[in-house]
Amino acid sequence: MPVEHLDVLIIGAGLSGIGAAYHLMQQCPNKRYAILEGRASLGGTWDLFRYPGIRSDSDMYTLGYNFKPWTDPQAIADGPSIRRYIEETAEENGIAAKIRYQHRVRQASWDSATATWTLQVERGEQAEPLTLTCQYLMMCTGYYRYEAGYTPEFKGRDDFRGQIIHPQLWPQDLDYRGKRVVVIGSGATAVTLVPAMTDQAAHVTMLQRSPTYVASLPQQDVISNFLRRFLPDSWVYRLARTRNVAIQMLFYNLSKRFPNFIRKVLLGQIRRTLGPDFDMRHFSPSYKPWDQRVCAVPDGDLFNVLKAGKASVVTEHIDCFTADGIRLKSGQELPADIIITATGLELQLFGGMQVQVDGQAFDAAQSMGYRGIMLRDLPNLAVVLGYTNASWTLKADLSSEYFCRLIQHMDQTGMRQCTPRASQGQVRPAPFLDLASGYIQRAEAMLPKQGDRAPWKLYQNYLRDLVLLRYGKLEDGYLQFSAPRAATGATQEALAS
């Protein structure tokens, strides 16, 4: 059977993958491409997570694509609404027909002699082996493992007589009416689950080892909803997007320059909502704002259920699970019928696939990010990731635009291979993601590094990236271009067919 060859293969049909396909079609309309999706449906994160209350922790004017206005009145949107938005984008632009579901890429091998990627794929429920080739790869798989989340070892876990659930594997038939629920965690998932489950649960307790900064944001953008009566959706979207990007950047920069001031602002907001008698140690982290992500709660829903007595917060270390709940180090016991381990993600690169370059395994941990998009010594491959300090899609859109511009440039100059290069010792390495979050710290040994200067430094600055990635010079002395001979063998047969 001839091996099918495409110009570009996009791995992942989530928010990033659908956006990458759109930019590819706009900037490189003659390129043949397909999207390989390991699951049976599109949407990525927004299809995988189905726990109660699942929602964005960024406003949709910045989490939405730069080419498709968000028109829903809710600025902080729920998971089903975001999934429909992604589906609409795929259908409206003819992208849905390019998605190949249940195609799991196990290995990608680069051959410099022919400037070709060869992918070993398993297709369908029977894992039928399949080989595909392409010239360019766009990795839109995110950076966490879909099969399972992270759960620490809890002493006595098997003694617990109730249900233990990780939000990433939420059972759709879970009945928690009248049940006592303990949610272990303090991140975005935990602060979403707690208020969402109080409508049916007898009581919900958020059990955290240490607090997280939490900020209340309005569920709806009143200004945009008003302007939509008079202005086109595209104008309203652009205005709101520009305003919210500026606010995000201002808040982040103020947090870094004046952390004590921002801490007072965040804690003051909570104190005004919960009243002077609330124990503020439950929302007073030991670290500075934006050393970890700040969690957003729409219209203060978490604080409202705490104030109403429908939920509570306990800040304490776990000793063990018992038959009827959790015993804490202090000796206190938390009764529970259901325990939810909202304890984080397991990170992985390239969707878990193996990567080889000219017969040698590629070790991402020994590499370095180039403009936060490509990796040193890895040819013709983009890793499309988002920001950690702002909405994911802001960087994902720019990354896809940049890589498509690079493909255009290579076509115009007759080049077929492009590889970021830098000699060892030229730049000083630093952690790729500058956050103290547990899931990032656990994966530090497997992640690539960033450098201490451009183009190896990851600036996490949208305006800087907007200028450099959309308009900056491509031939900067760090990208090595070459024109190997055309592919031969099976790939040549496929090209001729």
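Predicted model: local features only at pLDDT ≥ 70, side-chain atom pairs only at ≥ 80, totals over all residues.
Residues are numbered from 1 along each chain as its sequence is written, and side-chain values use heavy atoms, with hydrogens and water left out.

The search of the whole structure returned 20 aromatic pairs. Rings of Phe, Tyr and Trp (its six-membered ring) pair if their centres lie within 6.5 Å; planes under 30 degrees apart are stacked, over 60 edge-to-face, and the rest tilted. Phe154 belongs to the loop between β6 (128-139) and β7 (163-165), and Phe321 to strand β13 (residues 318-322), so the contact ties together parts that are 167 residues apart in sequence. Helices (H or I, at least four residues) and strands (E, at least two) are DSSP runs, numbered from the N terminus.

Buried means under 20% relative accessible area, exposed over 50%, and partly exposed in between (1.4 Å probe, protein chains only). Phe154 is buried at 13%. Phe321 is buried at 2%.

The rings of Phe226 and Phe230 have centres 5.1 Å apart and planes at 65°, so this pair is edge-to-face. Phe226 is partly exposed, at 43% relative accessibility. Phe230 is exposed, with a relative accessible area of 58%. Elsewhere, ring pairs link Tyr22, Tyr65, Phe67, Trp70 and Tyr85 into a cluster.

Charges also sit over rings. The criterion is NZ of Lys or CZ of Arg within 6 Å of the ring centre and within 35 degrees of the ring normal. Lys98 places its charged end over the ring of Tyr33, 5.5 Å from the centre. Arg464 lies over the face of Tyr459, at 3.7 Å from the ring centre.

Strand β13, which holds Phe321, also takes part in strand pairing. Two strands pair if DSSP finds at least two bridges between them. Four bridges join β13 to strand β14 (residues 325-328), and the two run antiparallel. Ile318 has Leu328 in β14 as its bridge partner. The hairpin that joins β13 to β14 passes through two residues.

Strand β14 is joined in turn to strand β15 (residues 333-335) by three bridges, again antiparallel. Gly325 has Pro335 in β15 as its bridge partner. The hairpin of β14 and β15 has four residues between the strands, and Gly331 takes a positive phi near 100° there.
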